[in-house]
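Hi,

Here is the structure I promised to pass on.

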Amino acid sequence: EPQQDGEGILQLMTTISNLLKVIPKPYHYIKQLSPFFEQIQEVNHRKFLVKIFNQLMTMETIELKSMVNDLNAYDRRWIEQPDHERRLSVFHRLEKIIETGSLSMDLAVIMIYHCFYFLKHEKDLAMRDNAGHFLKLICKKIIQQCGDDKQQLDFFVDKIVLNLIQKRIRDDEKVRTESIQLLGDLAREFPQVHSIFTDLHPLTNAANREQDFFDNVTHLQKFRHMKALRKFVEVAGNYQQMPNLRTLNEFLLPIGKIFLCQEEYKKKSKVVEAAIEYTAAICKFLPWNSYELVLKFYIRKLRSESGYQKQLIKLIPAILDSFHFDLSKADKTIIDTKLPEKEEESENEDEDEPMEVEAETPALNEVSVLRQNVAQRVIRSLTRRLIPSLFRVISEISTEAHRLNKELRKARDNGWQLV
């Protein structure tokens with residue numbers, strides 16, 4: 001993560017602390033301030049954060065105050081060393097609460113953020129194991145407690161859990177694995193709770209976990225990753241309704257990126273091929289904005305990632321084969337119309353900023369017929385940006401290949417010993 005601005009964080013926390021002294025009912029802000037427990041890393045800043053939370057607590061939340069202090073306890077004998085005994089004791093207390101009583105939303109939210117923090121930064125194996133285990137228990141308990149309370153479910157599942165999973169799927173392996181497994185558990189057990197879980201439920205298999213997408217994609221054995229990716233390709237062809245765009249962009253596409261242009265999988269050709277099929281299958285569901293971003297992303301990688309040209313040369317045609325937009329309503333003369341200066345291609349254009357085209361979700365298993373104005377802008381993008389950019393990259397690669405071949409022939413003619 002980017003280096004945190006220590007002075008800026010301290011100023012922010014001081015401001016918050018001062019505000020809490022003058023506003024009525026400060027304990028109402030427990031949920032809003034809880035994300036800091038996942039974001040702030042520096043020891044002194046975390047100690048300050050605990051003091052702020054102590055300001056929020058009332059007599060009714062004395063147990064919550066005790067757990068927050070213990071979760072962030074440091075050993076008195078060693079400077080800045082965590083007191084793992086006190087920290088682990090919180091999980092034992094939490095287990096009893098889950099088994100025998102009702103888990104408060106405030107405690108659940110605070111614990112969720114702490115668990116993700118421990119998974120990301122904690123070196124102690126017992127702490128990480130407990131964090132991963134209780135992350136699942138807390139989520140299941142709260143969802144069950146909420147029942148049909150849509151407002152509470154939307155807050156907890158959508159604003160807290162899914163946002164954290166979406167962010168941490170792009171993280172290092174230990175956090176990513178726990179995040180994907182949590183997503184799988186929730187999709188497997190609670191498909192009715194959220195549209196994303198509904199989309200992902202067909203990928204799960206509670207009866208035979210060896211066929212479960214989430215278990216396979218996080219497995220230690222690489223061939224199980226290939227199995228998971230091909231499972232999605234199979235399921236994608238049988239979807240009864242169009243997957244949610246957020247499911248595709250924020251969860252499924254990042255999982256595919258784990259296996260593409262990565263040193264760990266450079267020699268795992270079958271896994272890479274499965275990841276290419278997987279990405280192409282997702283692209284068939286994407287509206288133009290998202291499809292264009294994926295294509296631009298990998299065209300630029302083809303230019304910058306010379307070590308992965310072989311797989312990118314396979315991936316880009318697979319994405320192009322997934323083009324599912326009917327441009328028949330476009331005015332064909334637009335191709336010959338001079339483009340306004342503001343739409344000229346820019347090499348420095350932000351790859352994450354989509355073209356301003358009104359999103360249209362394609363119908364399931366059908367070509368997406370675009371309205372005239374949208375179709376014309378798609379043609380502009382293809383003819384003035386994407387295709388020329390692709391041709392330039394191919395030309396650069398071909399020129400470099402010819403240069404290397406020429407040098408090799410010259411070396412052989414001169415009788416040089418090539419290593």
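One definition to start with: I say that a charge sits over a ring if NZ of Lys or CZ of Arg is within 6 Å of the ring centre and within 35 degrees of the ring normal. With that in hand, the charged end of Arg87 sits over the ring of Tyr74, 5.0 Å from the ring centre. Lys266 lies over the face of Tyr308, and here the distance to the ring centre is 5.1 Å.

Some housekeeping before the rest. This is a predicted model, where local features need pLDDT of at least 70 and side-chain atom pairs count only at pLDDT 80 or more, while totals for chains, interfaces and linings use all residues. Residues are numbered from 1 along each chain as its sequence is written, and side-chain values use heavy atoms, with hydrogens and water left out.

Now the overall picture. The protein chain has 18 helices and two strands (DSSP runs numbered from the N terminus, helices being H or I with at least four residues and strands E with at least two). Of its 419 residues, 48% count as buried; buried is under 20% relative accessible area, exposed is over 50%, and partly exposed is in between, with a 1.4 Å probe and protein chains only. Taking contacts (heavy atoms within 4.5 Å) between residues at least 6 apart in sequence, 69% join residues at least 24 apart.

On to the aromatics. There are 16 aromatic pairs in the structure. Rings of Phe, Tyr and Trp (its six-membered ring) pair if their centres lie within 6.5 Å; planes under 30 degrees apart are stacked, over 60 edge-to-face, and the rest tilted. Phe232 and Tyr278 are a tilted pair, because their ring centres are 4.9 Å apart and their planes are at 55°. This pair links distant parts of the chain, with Phe232 in helix α13 (residues 222-236) and Tyr278 in helix α15 (residues 269-283), 46 residues apart. Both Phe232 and Tyr278 are buried.

Trp288 and Phe323 make an edge-to-face pair, at 6.2 Å centre to centre with 75° between the planes. They are 35 residues apart: Trp288 is in helix α16 (residues 288-304), and Phe323 is in the loop between α17 (309-321) and β1 (325-326). Trp288 is buried at 2% relative accessible area, whereas Phe323 is partly exposed at 30%. Elsewhere, ring pairs join Phe91, Tyr117, Phe118 and Phe134 into a cluster.

How do α9 and α14 cross? The axes of helix α9 (residues 150-168) and helix α14 (residues 245-257) come within 9 Å and cross at roughly 45°. Axes here are lines fitted to C-alpha atoms, for helices over the stretch in contact, with angles from 0 to 180 degrees between N-to-C directions. The two helices α9 and α14 are therefore oblique to each other (under 35 degrees is roughly parallel, over 145 roughly antiparallel, 65 to 115 roughly perpendicular, and the rest oblique). From α9, Asp158, Leu162, Asn163, Ile165 and Gln166 meet Arg246, Glu250 and Phe251 of α14.

Last, two backbone spots to look at. Lys25 has a positive phi, near 50°, in a residue other than glycine. Lys25 is in the loop between α1 (6-20) and α2 (30-33) and is partly exposed, at 49% relative accessible area. Cys261 also has a positive phi, near 55°. Cys261 is in the loop between α14 and α15, and at 9% relative accessibility it is buried.

Cheers
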